[in-house]
Amino acid sequence: MIGIFKQKNPANLFLLFVIGVLLRLPIFMHPHQPVVHASDGILFTGLLRLLNPAAASFPVLYPLLAYGLLFVQAVVLTRFINNQRMMTRPTYLPGMAYLLISALLPGWNYFSAPLLVNSILLLILSGLFGIYNKPDARGTIFNMGVALGVAGFLYFPSLAFLLWIWLALAVMRPFRISEWLICLLGVIAPFYFYGVYVFVAGHWSRELLPVIRLGLPDFNRSLWLAGAVFLAFAPFLAGGYYIQQHRRRMLINVRKGWSLLLLLLLPALLLPFINPGDTMETWIMGIVPLAAFHASAYLYPAWRLFPLLCFWLTIAFVIAWQYTAPGW
């Protein structure tokens, strides 16, 4: 199976779609209705109000939307890594890794605000690569800020990714304080126009923005969760090792690109501690860099048993959790 996805064959898209569905059959057989959390923005809650009448008569709507988003994100990540020549050869391994990792936890397959934010993060990631050696990137930087501002209306703590964008600007371009401020203005712009709207409409109140608090997430801890964390991070560490081995043969922009993906993981891991809840849905924003590093762990090892072991062990773990233990 690893050998199939190593080839850049358009037919692999269909195979990727089928494998993704087979790994998620329980979410279609037992549809999960989205729950609004305190950190969810008004854009997400409004979207749910729009979709709830249709979901009431067609319960599988939300699982279909969730899987559709996951599959599209996997394809976008694959094309992005191939187009930027992040790896020594074009493959479908990033998309395969993305769908494998997202199947490790039930909450990562639910229609949620963090899942929607993942699409915006991929858009911002593409923009960050585009500004390398670009003489005037102010327009692109402002647009990335606006995209992050819109993400804040889906999931408010996602505004913490502004730190990631600033660090990425420091990696990709010479330091210019004007570009950092332009990015900040882009983030503020959607909130400014929304503030103008609610003021004119007479809906102004002190509760327009969520209250920010820090704490520890309160989710169920189990051996299954520990196994999922191990399968998510063991190939990630292996992928980092192989990327470091091939670093000398990489172009400068590719080296910076891997640094960007690693930096993306930092706020993604810290975000669940902002307005913490009792689910693991928030951590889905970390699977973009995880999938990229996993793909390297599947491609580069000379010992071919290692990627096969990672692949089939992950599939066996997912199926065992789905059909022998609670959670799915």
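Analyst: We can start with a pair of helices. The crossing of α8 and α9 is right-handed; the term applies when the near helix is turned clockwise from the far one by less than a right angle, and anticlockwise gives left-handed. The model is predicted: local features need pLDDT of at least 70, side-chain atom pairs count only at pLDDT 80 or more, and totals for chains, interfaces and linings use all residues. Residues are numbered from 1 along each chain as its sequence is written, and side-chain values use heavy atoms, with hydrogens and water left out.

User: Why are α8 and α9 called roughly antiparallel?

Analyst: Helix α8 (residues 138-154) and helix α9 (residues 161-172) pack at about 160 degrees, with axes 10 Å apart. Angles over 145 degrees count as roughly antiparallel, under 35 as roughly parallel, 65 to 115 as roughly perpendicular and the rest as oblique. So α8 and α9 are roughly antiparallel.

User: Which residues of α8 and α9 meet?

Analyst: Ile-141, Met-144 and Leu-148 of α8 meet Phe-161, Leu-162, Ile-165 and Leu-169 of α9. Contact means heavy atoms within 4.5 Å. The residues of this contact of α8 with α9 divide into 7 nonpolar, no polar and no charged. Ala, Val, Leu, Ile, Met, Phe, Trp, Tyr, Cys and Pro count as nonpolar, Asp, Glu, Lys and Arg as charged, and the others, Gly among them, as polar.

User: What makes α7 and α9 roughly parallel?

Analyst: The axes of helix α7 (residues 113-130) and α9 cross at roughly 20 degrees and come within 10 Å. That angle is why α7 and α9 count as roughly parallel to each other. The crossing of α7 with α9 is right-handed. The contact of α7 with α9 divides into 11 nonpolar residues, no polar and no charged.

User: How do you know whether Ser-102 is buried or exposed?

Analyst: Its relative accessible area is 0%, so Ser-102 is buried. Buried means under 20%, exposed over 50%, and partly exposed in between (1.4 Å probe, protein chains only). Ser-102 lies in helix α6 (residues 93-102). Its side chain reaches the backbone oxygen of Tyr-98 at 2.9 Å. Not counting residues up to four places away in sequence, Ser-102 touches Arg-24, Leu-70, Trp-108, Asn-109 and Ile-287.

User: Why does Leu-269 count as partly exposed?

Analyst: Leu-269 has a relative accessibility of 30%, so it counts as partly exposed. Leu-269 lies in helix α12 (residues 252-270). Not counting residues up to four places away in sequence, Leu-269 touches Phe-233 and Trp-283.

Methods. Helices (H or I, at least four residues) and strands (E, at least two) are DSSP runs, numbered from the N terminus. A polar contact is a pair of N or O atoms within 3.5 Å; within protein, one must be able to donate a hydrogen and the other to accept it, and residues adjacent in sequence count only if both atoms are side-chain atoms. Axes are lines fitted to C-alpha atoms, for helices over the stretch in contact, and angles run from 0 to 180 degrees between N-to-C directions.
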